[in-house]
Amino acid sequence: MGSKFRMVSPLTILAIVIIIAAIATWLLPAGKYNTLHYGDNEFVYQTEKGQVELPFEKQVLDSLHISIPLSSFKNGNIRKPVAVPGSFHFIEGNKQGFLSILQAPIKGMTDSIDIILFLFMIGAFINVFNQTGALVNGLTTLSRQMKGKESWLIIILTFLFSFGGASYGMAEETLAFYPIIIPLFIAAGYDAILPVAVLFGGTQLGTLSSFSNPFSTIIASNASGVNWTNGLTERILMFILSTVVAIGYFVWYANRIKKDPSKSYQPQGTAVPFIENGPTEHHPLRRKQKWLLILFLLTFLVMIIGVVFLDWWLLEMSTLFLGATLLVGVIQRTKENEFISQFIKGAESMLGVALIIGVARGVTVVLNEGDISDSILYFTSEMINGFQPAFFIVGLFFVFNILTLFIPSSSGMAVLTMPIIGGLGIMANIPLREIVNAYLFGMGVMGFITPTGLMLPSTAIANVSVKAWIRFIYPLMILLSILSLLFLIIGVHFR
């Protein structure tokens, strides 16, 4: 018998993608769009000849065929340089060679140092907290109370994380929840794929149907020149339907493997993280453990409040987990040398995930330094230029599928593509809200398997093979693609 096909590791996949990206810089012509960004109460216009300072006036935007309101630059909604429609020009290529390939992961890790440090702080916090026994006992108690109602865990948590993604752009924050959710789901009789589905899949659902996400919907709407509330009802309906479809699929899979664990897509015998050293018997919660669990929950609640209401990001969240870790050590009266050992061991547990995030960013580094990111946008947008409305919007959905493989950042995608594709949409008589929706739906569907996004870190942290994840998620991607295309086609016919 021949050996079974085995998917290579995430780091190997990303290394291959970096090599392919470097080869692409030799095959594709390099090119750039002129860009415009807001400086010190003035516009800075970047061309191939250099920078030009322009007055901060609407006439400047009109002359460059940019439909973004002037106020969006002033209030900070548009912070990145905006591509100027019709300004694409070919430039001398900057082909990426062997040295560039080797440097790409290093540069990617340098660019990603904030999220890498965030992961180290999460790992340290979880490991120090695990030594108290409070988390294991708390999860065991909860799983006993949920006996026979485990499906509600999937329903409630998927909805909450989908809502977080759709409302305020929850994404990287979910990495902090895996150490909690994985043991809980394993105790309920599920596999490690379901925590990835609920956490990463849930927020990715929110990305697809973002109704008020400032990092995607609001930036994309501003960049295309339409109010972000235009199309809000459609996006809320999409949020409800897509979340219901996903929850139905997750619950179906969960019930299937609960009845017969051999039907799990995850290979039998795969080690499950965060539970190897946990006790097998149940111990009643002591008073100190109850207070520690309150501290644990408050830490995550404060993180969510900080992100939603106080504009916190990775620096503030990392500081929060560092402070919480120190507080746990004080409450437990852990000896200094033991605390440092636990802290370092916890941070080490996140090293593999941190490397994946840094190497994934290296793909973008190669494309940008090779000056082909704009070329990819130019050629793909030209493919759909001149299509009839229904064909245009369907083609645009697949264009964003493709672009997501190269530009996983929703805000980066918005400011680069919306001014260009928005102009093409106007010429094709497409409502601008549907251009924004095609961007959301296209990125949202492909984001489930984009190697340069959060898919690889999420599967790595749960020790889920990429092959198992793709096998699990592709039926849902097909269902969501059909739903997205129906929404888009109906949308262009009801202006």
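**Strand pairing, a helix contact and positive phi angles**

Strand E3 and strand E4 (residues 50–55) run antiparallel and are joined by six bridges. The model described here is a predicted one. Within this pairing, Tyr-45 finds its bridge partner in E4 at Val-52. The link from E3 to E4 is a hairpin through two residues.

On its other pairing, E3 (residues 42–47) meets strand E2 (residues 35–38), again in the antiparallel sense, with four bridges between them. Here a handy pair to locate is His-37 and its bridge partner in E3, Val-44. E2 and E3 also form a hairpin, this one with three residues between the strands. In that turn, Asn-41 has a positive phi of about 60 degrees.

Most residues other than glycine have a negative phi, and a few further positions are worth a look with this in mind. His-65 is not a glycine, yet its phi is positive, at about 60 degrees. His-65 sits in the loop that leads from helix H2 (58–63) to helix H3 (70–74). With a relative accessible area of 61%, His-65 is exposed, because the cut-off for that class is over 50%.

Asp-371 likewise is a residue other than glycine with a positive phi, near 60 degrees. Asp-371 belongs to the loop between helix H15 (351–369) and helix H16 (373–384). The relative accessibility of Asp-371 is 15%, so this residue counts as buried, the limit being under 20%.

Just after H16 comes Gly-386, whose phi is positive at about 95 degrees.

Helix H1 (residues 10–27) packs with H15 at an angle of about 5 degrees, and the two axes lie 9 Å apart. H1 is therefore roughly parallel to H15, since angles under 35 degrees fall in that class. From H1, the contact draws on Pro-10, Leu-11, Leu-14, Val-17, Ile-18, Ala-21, Ala-22 and Thr-25. H15 supplies Leu-355, Ile-356, Val-359, Ala-360, Gly-362, Val-363, Val-366 and Leu-367. By residue class, the contact of H1 with H15 comprises 14 nonpolar and two polar residues, with no charged ones.

Terms used
Residues are numbered from 1 along each chain as its sequence is written. This is a predicted model: local features need pLDDT of at least 70, side-chain atom pairs count only at pLDDT 80 or more; totals for chains, interfaces and linings use all residues. Side-chain values use heavy atoms; hydrogens and water are left out. Buried means under 20% relative accessible area, exposed over 50%, partly exposed in between (1.4 Å probe, protein chains only). Two strands pair if DSSP finds at least two bridges between them. Axes are lines fitted to C-alpha atoms, for helices over the stretch in contact, and angles run from 0 to 180 degrees between N-to-C directions. Angles under 35 degrees count as roughly parallel, over 145 as roughly antiparallel, 65 to 115 as roughly perpendicular and the rest as oblique. Contact means heavy atoms within 4.5 Å. Ala, Val, Leu, Ile, Met, Phe, Trp, Tyr, Cys and Pro count as nonpolar, Asp, Glu, Lys and Arg as charged, and the others, Gly among them, as polar.
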